[in-house]
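Open the model in your viewer and keep the selection tool ready. The tour goes from one selection to the next.

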Amino acid sequence: MLLSPKYIYTKLIILVSLVFTILSCDKTPSNSPLSTVPNDTTAHGIFICNEGNFQWGNASLSFYNSTNLSTQEDVFKSNNQRALGDVLQSMSILGEEAYLVVNNSQKIEVMNAKTFKSTATITGFNSPRYLLSLDSDKAYVSDLYEKAIWIVNLKSKQINGKINIPSWTEEMVYRNNKAYICGRTSKYVYVVNTLTDQLIDSIDIGYGAQNMVLDQTEKIWVLTVGKAAIAAQLHCIGTSGDLVNSFTFSNGSIPNKLICNPSKTKIYWINKDIYVMNIDANQLPATPIISAEGKNFYAIGYNPNQKEILASDAKDYVQKSEIYRYDTVGNLKGNFKAGINATYFYSK
C-alpha cells in the first residue's frame with residue numbers, strides 16, 4: 001500500500017517531537033555542578049570550603065544537600081558572577097549571614113546563607129584564618145601574619161580594632177566572657193577578656209596549638225602540632241582554666257582538624273587515618289575508626305542530619321577533592337566531588 005505524502009509528513013513530525021521531548025528530560029546526575037539555588041533554600045546541608053591553590057585565585061564553596069544527597073559546586077561564584085578569591089580558609093553562619101574567611105585575599109565575604117547572594121565584604125586583614133562570634137554585634141578574627149586578633153563589628157561589617165597576641169593565631173572558642181585562642185607559633189593558648197578586649201592569661205600547652213573545640217561539659221580540647229623534640233599533644237582545659245588532662249602522640253605524628261560530634265561527647269581528628277575518642281577517655285585510641293587506605297585525608301566534618309562523618313581526600317592537591325561519607329562506626333556509605341583542597345565543613 002502506498003502511503004500518502006501527508007501521512008508520511010505527519011508521522012515524521014510526531015517522531016521529531018518525540019525525540020526532542022526525550023532529549024529535553026533532565027539527565028543531570030546528583031554530583032554534577034548546578035548553577036541555581038535549590039528550590040528549598042531552608043534545606044539542611046553542609047557547606048564545604050575549598051581552599052583552591054595558593055595564589056591561583058580558585059577558592060570555591062560547595063553545598064551538599066544532605067536531604068536529597070545532591071551537590072552544588074562553586075555556589076558563591078555561580079550566584080554572584082565573580083570568583084570568591086584566593087584560599088577559602090573557613091566559614092561561620094550567624095543568623096542568616098555566612099561569613100567566608102578568604103585567607104590570601106585578606107578579606108571576609110559575607111553572603112546570605114539561604115540564597116548564596118553576597119551582602120558585604122569586610123577588608124583590612126593581613127591574613128585572616130577563623131571568625132569567632134561573641135554576640136550579635138562583635139566577632140574576633142584570628143590571623144596568620146598579624147600576631148593579633150582583629151575585632152570586627154558585625155553590624156557595620158568593619159574592623160574596629162585589634163588585640164596584640166605574640167603569635168600567629170588559629171582556632172578559638174568562647175566560654176564565660178573569655179576567648180581562648182590557639183597560638184600556633186608559641187607554647188601557649190591565650191585568654192582574652194571579651195568584655196574589655198584585653199589579653200589576661202596564657203596557658204602552657206607544649207608547642208603549636210592549632211585546633212580547639214568545646215565539649216559537652218564546657219571543657220576545651222586543644223590539639224598541638226609540636227616541633228622538633230616537642231611531641232604533638234592533645235590537652236583538656238578545665239572550666240577553671242587549668243589543664244586537667246594531657247595526652248602525648250607518638251614520634252612523627254602530625255594530628256590536625258579536631259572536631260566534635262553534635263552532642264559534644266566525642267572528638268575526632270586526622271593523623272593520616274581518622275581517630276575518635278570519648279571525652280572521658282583516659283588514653284589516646286590505639287586504632288583508627290577510619291583507615292586512609294591510600295587516601296590523602298585533608299579535613300573532616302560531621303553531618304548531623306544523616307549522622308555521618310565526612311572526610312575530604314585532597315588527592316594530589318590539584319584535582320578536585322573527593323568527599324567520603326562514613327557512618328559513625330566507620331563504614332563507607334558513599335562519596336561525591338567537591339572543589340580543590342576541601343578544608344572545612346560547616347553544617348547549615
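Predicted model: local features only at pLDDT ≥ 70, side-chain atom pairs only at ≥ 80, totals over all residues.

Residues are numbered from 1 along each chain as its sequence is written, and side-chain values use heavy atoms, with hydrogens and water left out.

Select residues 320-326, which are strand β25 (strands are DSSP runs of E, at least two residues, numbered from the N terminus). Six of its seven residues are buried, so β25 is largely enclosed by the rest of the structure. Buried means under 20% relative accessible area with a 1.4 Å probe, counting protein chains only.

Strands count as paired if DSSP finds at least two bridges between them. Look for I309, which stands opposite Y326 in β25. Between these strands are six residues, and K315 in this hairpin takes a positive phi near 55°.

Now select residues 332-340, strand β26, which pairs with β25 in the antiparallel sense over six bridges. Here Y324 faces N335 in β26. The turn of this hairpin has five residues between the strands, and G330 in the turn has a positive phi of about 95°.

Last, select E51, Q210, K257, Y298 and T343, which lie nearest the centre of the second largest pocket, lined by 16 residues. A pocket is an open set of points on a 1 Å grid over the protein atoms alone where a 1.4 Å probe fits, with protein on both sides within 12 Å along at least five of seven lines; lining residues have an atom within 4 Å of a point.

Technical notes
Buried < 20%, exposed > 50% of the residue type's maximum accessible area, 1.4 Å probe, protein only. Helix = DSSP H or I, 4+ residues; strand = E, 2+ residues; numbered from the N terminus.
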